[in-house]
Amino acid sequence: MSKSLITGAICLLFAGVFGVSPAVADPLPSEWQAERNAGNHLTDKVCKGSNAATREFWTKVSEGDPVLMNNVNWLRSNCGLSEVIAGEDAWEYMRKSADLGYPIAQKNLGLEMLTSGKYGVGKNPERGAELMEAAARGGYGVAAVELAEFYIDGDVLPRDIAKARELFEIAQRENMKGDQFRIVRAKLNRIAKKEAESGATVTQASASAGTGRDEAAAEKVFAELKEQFGEGFGAGTGYLEKAGVYYFHHCSATSFGKLAVFRLQGNGEAQVWSDEKACVNGVDETDLNGDGEPEIRYYTQGGGSGTYTAMVNFLHWPEGETEPKKGLEYKTYSYSWWDGLYSKYGYDDGVASLLVTTTGELVEGPSCKWGEYCPSWPTDAECRAAIRCPMVVEKSLYVGGEDEPYPDELRGDRAWERFVQDVYEGTGYRLANKGAPEGIVSASLSPLEKVLDAAEGEMPGEVSEARKDLISDWLN
């Protein structure tokens, strides 16, 4: 395998399964987290094309650094290096990392053994479950949530609700959040409700339960879809129990992919619906508005150098309909480098590149109602009926990057303070660097602009006695 990586490789800093992005990472125990932070920082430099970082990276890999051995696969898949680093080599490094006890590598390798088993990993559900449970008990809450769902669904592993509950308790102790955590919690709550109603404990169920389910017939359809679209580096298949729908998702590159869902008819024929999307990296189901009809939910990602977006998309496919209908779509995470803000808001002395991030979270439940949804892209997209839910959105502005400290040279710069305030008022992006003065972080200065101009001698965010007097005069 060549260790001369491509200079200027595309860098997509996303919160994927390899845990490289610092943006929405699930923290590990302190003894691992410090190594993880340092390793991810070096990996990002390699992805951006640094020759010095590349030499240091491969030296540490050869010395047995578990974080960097795990990250080799991330580099291969997301930095334009799939022709430089062989898939078998990348997964062998991950196996070595897992052997050293690195929880993220244990989770990644275990998941591969439970699902596709590609690149020489091999399908071994029993061993895969052991590795994922080791990761969960090693402090990686993501592994606990994902493995719990496998035990609930009973598709890949024998259904074991007691084990799922045990793992979910670990995830709760790890303060897990997000869509998948809520899905698993909802599934366990429904099981608990059924147990309470029937007086019986749900422990195991046939893997072939459900309407219209026929694994042999489904495998034939999956084979046809794989031949038609290819497997890509992120293909996956599965069955959604409540919706009674099989799915195939495909990722040929970071920005291109395919989703296909199908139902089997009594004669074994399949009703197939497919759509070209960005890279599809996950499919599950949820009941958005609690009306008893599950929606198909799938996750897409895409981007290029300096941009990244992760989307959540919904389909509604009631029984009896010939195909699903597209529903709500929303950005769950995005970032971009946006130096154009400097000139747009009249600040010409930029000290570093600006990064803007947006995170969105859908509030599911009774507040979700049927209404009209009009996609913003493409511009000629037709409006359609869809369930609308409240959204919680957080927009952040960083000088230099999400992990960069606030630059000392900007402290006390009134023109910079006004720039930050104007950006917030115009876009909703709030300054979020560590150590930034609270006065402008909270965007609370705008109504006191005259007062701030009149007060001299203190640092932004401080309130001197003179300023208190000025504020009192201004308010009265």
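Q: What percentage of the 476 residues in the protein do buried residues make up?
A: This is a predicted model, in which local features need pLDDT of at least 70 and side-chain atom pairs count only at pLDDT 80 or more, while totals for chains, interfaces and linings use all residues. Residues are numbered from 1 along each chain as its sequence is written, and side-chain values use heavy atoms, with hydrogens and water left out. A residue is called buried under 20% relative accessible area, exposed over 50% and partly exposed in between (1.4 Å probe, protein chains only). Of the 476 residues in the protein, the buried share is 48%.

Q: How many helices and strands does the secondary structure of the protein come to?
A: Helices (H or I, at least four residues) and strands (E, at least two) are DSSP runs, numbered from the N terminus. Counted in this way, the protein has 15 helices and 13 strands.

Q: Among contacts between residues at least 6 apart in sequence, what percentage join residues at least 24 apart?
A: A contact means heavy atoms within 4.5 Å. Among contacts in the protein between residues at least 6 apart in sequence, the share that joins residues at least 24 apart is 56%.

Q: What span does helix 1 reach from its first C-alpha to its last?
A: The expected span of a helix is 1.5 Å times one less than its number of residues. Helix 1 has 18 residues, and 26 Å is expected at 1.5 Å a residue. Close to that value, helix 1 reaches 25 Å.

Q: At what angle do helix 1 and helix 3 pack?
A: Two packed helices are described by the angle between their axes and the distance between the axes. Axes are lines fitted to C-alpha atoms, for helices over the stretch in contact, and angles run from 0 to 180 degrees between N-to-C directions. The axes of helix 1 (residues 30-47) and helix 3 are 10 Å apart, and the angle is about 35°.

Q: How many nonpolar, polar and charged residues are in the contact of helix 1 with helix 3?
A: Residues of helix 1, including W32, R36 and L42, meet residues of helix 3, including V67, L68 and W74. Ala, Val, Leu, Ile, Met, Phe, Trp, Tyr, Cys and Pro count as nonpolar, Asp, Glu, Lys and Arg as charged, and the others, Gly among them, as polar. The contact divides into nine nonpolar, five polar and three charged residues.

Q: Within what arc do the buried residues of helix 4 fall?
A: In helix 4 (residues 87-99), the buried residues are G87, A90, W91, Y93, M94, S97 and A98. They line one face of the helix, because, seen down its axis (by the directions from the axis to the C-beta atoms), they fall within an arc of 150°.

Q: Which helices do the buried residues of helix 4 pack against?
A: Helix 4 is followed by G101, whose phi is positive, near 90°. The buried residues of helix 4 pack against helix 2 (51-62), helix 3 (66-78) and helix 5 (103-114).

Q: How many of the 12 residues of helix 5 are buried?
A: The buried residues of helix 5 pack against helix 1, helix 3, helix 4, helix 6 and helix 7 (141-153). Helix 5 is largely enclosed by the rest of the structure, because its buried residues number 12 of the 12.

Q: Does E133 count as buried or exposed?
A: E133 lies in helix 6 (residues 125-137). E133 touches L147, K163 and L167, not counting residues up to four places away in sequence. Because its relative accessibility is 16%, E133 counts as buried.

Q: Does N175 count as buried or exposed?
A: N175 is in the loop between helix 8 (161-173) and helix 9 (179-198). Phi of N175 is near 60°, a positive value in a residue other than glycine. Because its relative accessibility is 61%, N175 counts as exposed.
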